[in-house]
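Biologist: I'd like to go through this model and ask what stands behind each label. Can you show it to me before I start?

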There are 2 protein chains.
Amino acid sequence: MSKKLGRQTFALACPPAVAGWGSIVGKKEGEGPLGPLFDRISTDSYFGEKTWEKAESVMQQFAVTRALERAGQAASCLDALFGGDLMNQCIATGYAARALGVPFFGLYGACSTMAEGLGLASLLVDGGFAAWTAAVASSHFCTAERQYRMPLEYGGQRTPTAQWTATASGAVVLAQNGPGPYVTHVTAGKICDPGIKDANNMGAAMAPAAYDTIRTHLADTGRSSSFYDLIVTGDLGKLGCSLVTELFRRDGVELSNYTDCGVLLYDLERQDVHCGGSGCGCSAAVLTGRLLGELQAGTLQHVLFCGTGALHSPVSLGQGESVPGICHAVALAAAR
Amino acid sequence: MSKKLGRQTFALACPPAVAGWGSIVGKKEGEGPLGPLFDRISTDSYFGEKTWEKAESVMQQFAVTRALERAGQAASCLDALFGGDLMNQCIATGYAARALGVPFFGLYGACSTMAEGLGLASLLVDGGFAAWTAAVASSHFCTAERQYRMPLEYGGQRTPTAQWTATASGAVVLAQNGPGPYVTHVTAGKICDPGIKDANNMGAAMAPAAYDTIRTHLADTGRSSSFYDLIVTGDLGKLGCSLVTELFRRDGVELSNYTDCGVLLYDLERQDVHCGGSGCGCSAAVLTGRLLGELQAGTLQHVLFCGTGALHSPVSLGQGESVPGICHAVALAAAR
């Protein structure tokens with residue numbers, strides 16, 4: 001039986017249940033509008049570790065462990081963990097997977113990682129391969145800044161289009177059955193590259209990919225955008241968000257139910273984050289801090305969670321390349 | 001129906017067919033014992049591009065395109081491409097996926113990437129999600145050296161335990177049906193970390209992971225090591241290979257049919273590569289240059305292809321961390 005729908009969408013015959021989720025954020029994210037919803041807020045940017053890189057790894061361990069607790073399971077139940085982060089060689093994830101001691105598939109999807117991992121983890125359960133799987137993603141402002149841009153001590157100015165890399169991690173545990181919410185569809189993204197070469201304008205670089213994947217998802221499933229209570233990208237920020245809205249408007253589609261995790265995570269006016277949040281941890285934390293809880297409570301019935309990633313590096317930009325964007329969409333439903 | 005076997009193995013109910021494969025290598029790899037078997041050997045380390053990083057991306061495009069040609073398909077047939085490389089943010093793969101224009105899942109598994117991607121691509125086909133999938137991996141001596149160690153111009157000495165990062169890429173295209181060879185099982189690896197902190201001794205760092213995954217695979221499937229005509233890791237090199245042999249010997253198991261892609265790719269005596277080859281491209285090229293052809297010809301009936309990766313970074317080692325190893329095993333059979 002084919003579970004392929006249209007061009008790029010996988011329909012899950014027996015939608016896996018989201019059995020647990022966990023979130024952890026830094027001080028700034030805890031001071032944002034979603035602060036009260038996270039499982040843990042650390043005022044120490046080192047999270048008790050000696051380096052920011054180790055801190056990010058510990059954040060992932062916390063998120064997965066908390067997700068397992070909510071699911072009432074031990075790590076030993078996991079047939080597969082999918083995870084990734086922004087650091088070179090994804091070390092936050094590698095060392096977290098070492099500590100967790102579970103079968104592990106490493107991902108690199110930049111800020112699309114949470115959606116990519118959630119999607120693949122769902123396919124393994126629905127495909128009959130796994131009873132329990134998990135997905136995790138993280139980012140840390142301090143590890144990202146010194147790797148992608150400047151050492152923090154340099155005190156560089158930020159451009160108006162810049163986003164703020166979230167210090168955050170989120171994890172999800174999936175099971176064959178449970179009270180939900182459920183993963184019903186996964187739309188695998190293709191790369192779209194509008195030719196942006198400015199590393200401080202990720203929203204514009206990724207917006208066409210978000211538009212392409214959302215449009216494809218709606219065509220593949222035969223759904224209209226209004227089917228969803230919420231279509232949420234992560235993380236385009238304010239500018240990228242307005243570009244997606246504009247791209248749909250050109251098609252005659254008014255997205256009244258659309259927002260972005262980078263816009264939700266911070267108070268954009270008060271918290272000096274310019275265009276909003278970014279980083280793998282941003283959408284992971286918004287998903288696990290707010291969206292899954294609302295789906296469980298039934299205040300949201302249908303959510304299209306669209307992870308957006310920019311697959312460049314400082315080296316590729318230095319060699320004159322543009323920023324390729326990708327977006328993977330995962331459809332979540334409160335009931336099967 | 002559960003397709004989980006034992007602790008970590010996924011059994012494919014209707015083993016996907018390897019419908020095509022492609023390989024491309026650099027000059028040194030072309031001068032090695034497998035030289036005549038590769039689809040293309042480039043004597044230009046830039047492969048016609050302006051930078052080594054762009055060259056590596058072009059190598060991936062060639063490998064996937066060649067694999068699709070062998071399968072008699074266009075890129076548009078692909079429901080998903082899994083790929084990765086060693087570079088920061090996996091840029092060789094990101095830009096290759098942009099050029100190919102197919103649904104793309106980015107991986108980071110270091111040198112285990114080919115096995116990780118081949119495994120996941122197989123699960124999507126067997127799970128009924130995809131009719132056609134592909135996996136690709138690459139490495140380039142010059143991009144890896146300057147990123148992980150020293151600029152080539154520095155002319156640093158290599159230690160005796162060092163391996164040589166292969167300039168190579170390999171890709172595989174999978175289909176629901178075809179004359180084979182077939183992917184029958186996927187064993188997902190857990191991280192094993194023996195505490196090695198020497199970035200020039202990857203073989204020792206990864207050997208326990210290879211031992212753990214092979215042992216688990218044999219236990220999960222109820223097979224003895226002699227079931228396989230060939231058990232092949234990639235890429236432990238000569239030293240890691242001897243450590244795996246020794247670890248099995250302690251269990252009373254003599255691995256008479258075991259070797260390593262890093263040992264196969266070069267003439268270790270003649271080509272000054274110390275312990276042998278490494279890099280995502282090494283096992284990918286040996287798989288697509290030699291192993292799949294022998295399975296197709298029937299000179300090999302059963303092969304256990306075990307991708308081994310070291311999930312560290314220069315930053316993590318600089319912060320005093322050790323090198324975590326992982327190994328994913330994929331069982332290949334000439335007939336279903």
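Biologist: Okay, why does B:Arg249 count as partly exposed?

Modeller: Its relative accessibility is 41%. Buried means under 20% relative accessible area, exposed means over 50%, and partly exposed is what lies in between (1.4 Å probe, protein chains only). So at 41%, B:Arg249 counts as partly exposed. Before we go on: this is a predicted model, where local features need pLDDT of at least 70, side-chain atom pairs count only at pLDDT 80 or more, and totals for chains, interfaces and linings use all residues. Residues are numbered from 1 along each chain as its sequence is written, chains are lettered from A and ligands numbered from 1 in the order in which they are written, and side-chain values use heavy atoms, with hydrogens and water left out.

Biologist: What makes the meeting of B:Glu254 and B:Arg249 a salt bridge?

Modeller: The rule asks for a side-chain nitrogen of Lys or Arg within 4 Å of a carboxyl oxygen of Asp or Glu. Here the N to O distance is 2.7 Å, so the pair passes. B:Glu254 is partly exposed too, with a relative accessible area of 49%.

Biologist: What does the salt bridge between B:Arg146 and B:Glu53 tie together?

Modeller: The closest N and O atoms of B:Arg146 and B:Glu53 are 2.7 Å apart. B:Arg146 lies in helix 5 of chain B and B:Glu53 in helix 2 of chain B, so the pair ties together parts that are 93 residues apart in sequence. Helices here are DSSP runs of H or I with at least four residues, strands are runs of E with at least two, and both are numbered from the N terminus.

Biologist: Is B:Glu53 buried or exposed?

Modeller: Buried, because its relative accessible area is 8%. B:Arg146, at 38%, counts as partly exposed.

Biologist: And why is B:Met87 called buried?

Modeller: Its relative accessible area is 4%, so it falls on the buried side of the cut-off. B:Met87 lies in the loop between strand 5 (80–85) and helix 3 of chain B. Leaving aside neighbours within four places in sequence, its contacts (heavy atoms within 4.5 Å) include B:Glu53, B:Thr143 and A:Gln89.

Biologist: That last one is in chain A. How many residues of chain B are in contact with chain A?

Modeller: 59 residues of chain B are in contact with 59 residues of chain A. The buried area is about 4,900 Å², and carbon and sulfur atoms give 62% of that. Buried area is the accessible area (1.4 Å probe) that two parts lose on being put together, summed over both.

Biologist: How many salt bridges are there between chain B and chain A?

Modeller: Six. One of them joins A:Glu321 and B:Arg98, with the closest N and O atoms 3.0 Å apart.

Biologist: What makes strand 10 of chain B mostly covered?

Modeller: Six of its six residues, 182–187, are buried. Strand 10 of chain B also pairs in the antiparallel sense with strand 2 over three bridges and with strand 15 over five bridges. Two strands pair if DSSP finds at least two bridges between them, so both pairings qualify.

Biologist: Over in chain A, why is A:Gln163 called buried?

Modeller: A:Gln163 has a relative accessible area of 8%, which means it is under the cut-off. Its side chain reaches the backbone oxygen of A:Gly277 at 2.8 Å, and a polar atom of that side chain lies 3.2 Å from the backbone oxygen of A:Asp235.

Biologist: What kind of peptide bond joins A:Gly234 and A:Asp235?

Modeller: A cis one, with omega about 10 degrees. In chain B, the bond from B:Gly234 to B:Asp235 is cis as well, with omega near 15 degrees. Most peptide bonds are trans.

Biologist: What stands out about the phi of A:Asp272?

Modeller: It is near 55 degrees, a positive value in a residue other than glycine. A:Asp272 is exposed, because its relative accessible area is 52%. A:His274 also has a positive phi, near 55 degrees, but A:His274 is partly exposed, at 27%.

Notes: A polar contact is a pair of N or O atoms within 3.5 Å; within protein, one must be able to donate a hydrogen and the other to accept it, and residues adjacent in sequence count only if both atoms are side-chain atoms.
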